[in-house]
Amino acid sequence: MSSFRKLKADISALTNLLPPDHKRFRVMSTGYDEVILHVVDGKKKFILTCSALDNYLDAAPLWFTDDDDTVIANALEVVADQDVKTVSGTAYVLLSEICKGRGLSCGSELASVKRVADEMAAASTADVNAQAAAAARPSASASLSSTSNDEDVDEDMDVDDYEDDDNDDFGADMFGAESGDGAMGIDSGCDMDAGERAVLEKVQKSALSEYAKGKPPPTGPLLRATDRLMRELKGVFRSDGVKNGVFSVSLRSDDNLYDWTVRIFKFDEESKLNEDLKKLSEKAGDPQCVELNLIYPEQFPVLPPFVRVVNPVIEGGFVLSGGAICMELLTNQGWSAAYSIESLIFQIMATMVKGKARINSAKLASTKYSLRGAQSSFKMLTETHKKSGWYTPPKKDG
């Protein structure tokens with residue numbers, strides 16, 4: 001069994017044991033190589049993220065959190081010191097340490113997690129032994145095999161040794177065909193309109209068409225990014241923000257999943273920015289918006305998207321010359337793979353309002369904003385803050 005299938009089976013088993021409605025341990029979402037786990041202790045909730053590396057089973061998956069709880073931090077240190085290479089195995093160690101540190105009962109499910117972890121470790125050891133035995137076979141066997149018909153396959157050969165099955169289920173995994181969705185993995189329900197479903201279908205059909213022509217499917221970090229972006233796009237289409245007309249999301253190119261347009265139609269009702277937007281809409285005779293461009297790197301969600309304002313010209317609101325946005329969250333140091341794009345959009349909206357953003361309708365965005373200009377100003381911004389740090393305002397300032 002390939003490392004991809006082992007990782008998939010490991011994550012699936014953990015999800016079945018710790019569903020989203022579990023009393024204490026909840027796997028809230030999963031991806032190709034990622035697990036987001038909530039630990040509930042009374043009214044407190046801790047969010048933990050696990051990211052499996054490309055060399056799964058050769059290197060331990062990484063667990064991290066944004067919470068500064070001492071018990072959680074100590075548990076993460078214990079996991080890092082263990083020679084455990086599976087998601088379920090590290091999850092068992094982590095949750096056991098959290099229960100011990102916070103005086104919680106582990107429950108029978110945690111014992112089941114350990115059983116799965118032991119089975120995964122045993123299967124991995126068996127595969128290693130089998131590979132070692134195969135490597136030690138006498139060379140004469142190879143010579144005899146080479147004299148047989150080219151179309152024959154050695155009966156002792158494991159199919160997984162013959163086929164590269166890391167991408168066998170690529171289309172089904174990335175497009176959600178195993179989650180009960182409709183054709184092409186798109187939910188046939190009414191939580192997305194026809195236009196949004198058409199966008200997803202076009203992206204998926206375009207990708208599958210390329211692979212049918214012989215283009216290899218993405219692997220490693222690129223597969224992780226593509227899988228996560230598909231889930232993020234579906235999530236945003238189903239979000240309250242889109243349904244309530246606060247913002248809309250589309251792809252700048254019909255089949256480029258890594259380049260988004262976000263149009264924001266409503267800000268805080270009491271903000272000057274929202275007033276400016278209303279006046280602009282009245283003058284134009286149709287709804288106007290603040291348009292953002294989100295460009296995702298191939299290392300997403302480990303690295304953040306690059307975000308810039310495209311139109312109109314914004315003064316204040318932490319919007320830099322060129323259209324880049326001054327937010328620590330958008331830097332490699334401030335970003336977390338646990339953030340959703342929906343929450344990022346709302347955070348950008350709140351930041352612009354907090355910074356007292358205003359629309360300057362007298363200036364044309366096409367003459368002031370550009371991708372190159374935004375990238376240049378953002379680069380200078382990050383270099384400056386590397387030296388001086390980021391300012392965190394008092395809580396009374398929001």
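Keep in mind that the model is predicted. The helix is H14, spanning residues 371-388, and the sheet is an open one built from four strands.

**Helix H14**
- H14 runs for 18 residues and covers 26 Å from its first C-alpha to its last, close to the 26 Å expected at 1.5 Å a residue.
- Tucked away as buried residues in H14 are Ala374, Ser377, Phe378, Leu381, Thr382 and His385.
- Looking down the axis of H14, those buried residues sit within an arc of 140°, so they line one face of the helix.
- What do they pack against? The partner for the buried residues of H14 is strand E8 (306-311).

**The four-stranded sheet**
- The strand order is E1-E2-E3-E4, with antiparallel pairing.
- Strands E1 (25-30) and E4 (62-65) are the edges, each pairing on one side only.
- On average, neighbouring strands of this sheet are turned by 25° against each other, direction ignored.

**Inside the sheet, and what sits on it**
- Strand E2 (residues 34-41) and strand E3 (residues 44-51) run antiparallel and are joined by eight bridges.
- Leu37 stands opposite Leu48, a residue of E3.
- Helix H2 (residues 70-81) packs on the sheet, where H2 touches E3 and E4.
- The direction of H2 makes about 170° with that of E4.

Methods
Residues are numbered from 1 along each chain as its sequence is written. This is a predicted model: local features need pLDDT of at least 70, side-chain atom pairs count only at pLDDT 80 or more; totals for chains, interfaces and linings use all residues. Side-chain values use heavy atoms; hydrogens and water are left out. Helices (H or I, at least four residues) and strands (E, at least two) are DSSP runs, numbered from the N terminus. The expected span of a helix is 1.5 Å times one less than its number of residues. Buried means under 20% relative accessible area, exposed over 50%, partly exposed in between (1.4 Å probe, protein chains only). The arc is that of the directions from the helix axis to the C-beta atoms. Contact means heavy atoms within 4.5 Å. Two strands pair if DSSP finds at least two bridges between them. Axes are lines fitted to C-alpha atoms, for helices over the stretch in contact, and angles run from 0 to 180 degrees between N-to-C directions.
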